[in-house]
Amino acid sequence: MRLGINLSFAVKRMPEGRAWARFVREALGLDLVQFTFDLIDPWTPAGLRQRMAEDTRRAAAEYGITIHSTATGLAAYTYNSLLHPDEAARQAARMWWENAIALTAALDSPGIGGQLGALSVADAANPAIASARYDEAFHAWIDIAERAAQAGLQTLYIEPTPLTREFPHTIAQCIEMYDLWQGKTALPTRYAFDIGHAGYRPLYGGEAPIEPWLSALGDRIGLLHVQNTDGMSDSHWGWPDGRGTFDVAAFGAQVRAHGLDDLPVFIEVFYPFELSDAQVLDNIRTSVEHCKRALDIA
């Protein structure tokens with residue numbers, strides 16, 4: 001099992017590639033990251049975007065860090081994206097993905113992922129419209145996969161979310177979408193499985209165990225996100241944090257039991273921007289130490 005970290009903690013704090021690369025390597029003792037587009041916006045003008053990507057790529061190489069994949073991040077997740085009610089906005093979302101693919105290739109990263117988008121309340125309430133949006137987004141992803149393949153990428157990742165206006169948000173939807181994409185996309189699509197999403201009790205009920213997701217999705221999963229949570233919110237707390245109860249050691253045992261221990265595990269922790277930088281970075285350090293111990297990773 002290989003441990004890495006999503007760079008969400010660095011947003012607004014360490015936008016410079018050399019700053020977060022040094023911290024990840026020297027303070028955290030890690031050499032694997034997932035890059036977030038909150039650090040470089042895909043809408044950045046092409047020339048500047050390319051230069052920033054090259055600077056970031058050099059910084060990662062200098063510190064021996066692999067950029068495993070790129071991810072939509074917090075800002076892009078606030079958009080309705082490929083499920084927006086306005087057709088022009090959905091076309092703009094496709095352009096965003098094209099830019100994001102170009103940025104991922106410039107970072108020399110082989111994978112890109114995130115969420116498809118979110119239906120509006122009105123569209124979600126109309127079954128015919130919701131079905132049409134779903135179908136359009138499904139085929140848009142096929143086009144996105146073709147562009148990613150042309151750019152030299154190797155894998156796409158979709159992140160299931162605990163929101164009924166988003167796709168996919170259930171195990172059944174994950175299986176259906178995955179199976180329908182087989183043979184239709186130029187690159188394989190796998191799932192970015194976040195324990196804070198699958199364990200969201202208000203939607204899934206009871207203790208909302210994550211084991212059924214691991215069992216059902218199996219090798220459809222391509223990477224894992226771990227965070228500390230109380231099961232009542234998509235918390236993204238670290239360790240220690242008295243509000244969270246997530247058992248990393250038990251999670252590791254489940255992952256190994258299902259033969260998924262070859263997947264990268266990314267710690268995805270972020271706190272309010274107003275929290276002091278020292279507090280946040282100290283918590284990132286202790287979170288990495290906690291996960292290394294719990295997962296028995298040297």
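**Exercise 1.** Determine which elements the buried residues of helix α4 pack against, in a model that is predicted.

*Solution.* Begin with the terms: helices (H or I, at least four residues) and strands (E, at least two) are DSSP runs, numbered from the N terminus, and buried means under 20% relative accessible area, exposed over 50%, partly exposed in between (1.4 Å probe, protein chains only). Next, list the buried residues of α4, among them Arg90, Trp96, Trp97, Asn99 and Leu103. Taking contact as heavy atoms within 4.5 Å, one finds that the buried residues of α4 pack against α2 (46-62), β3 (66-71), α3 (73-77), β4 (111-114) and α6.

Residues are numbered from 1 along each chain as its sequence is written. In this predicted model, local features need pLDDT of at least 70, side-chain atom pairs count only at pLDDT 80 or more, totals for chains, interfaces and linings use all residues, and side-chain values use heavy atoms, with hydrogens and water left out.

**Exercise 2.** Decide whether Met95 is buried, partly exposed or exposed.

*Solution.* First locate Met95, which lies in helix α4 (residues 87-106). Then apply the cut-offs: because its relative accessibility is 45%, Met95 counts as partly exposed.
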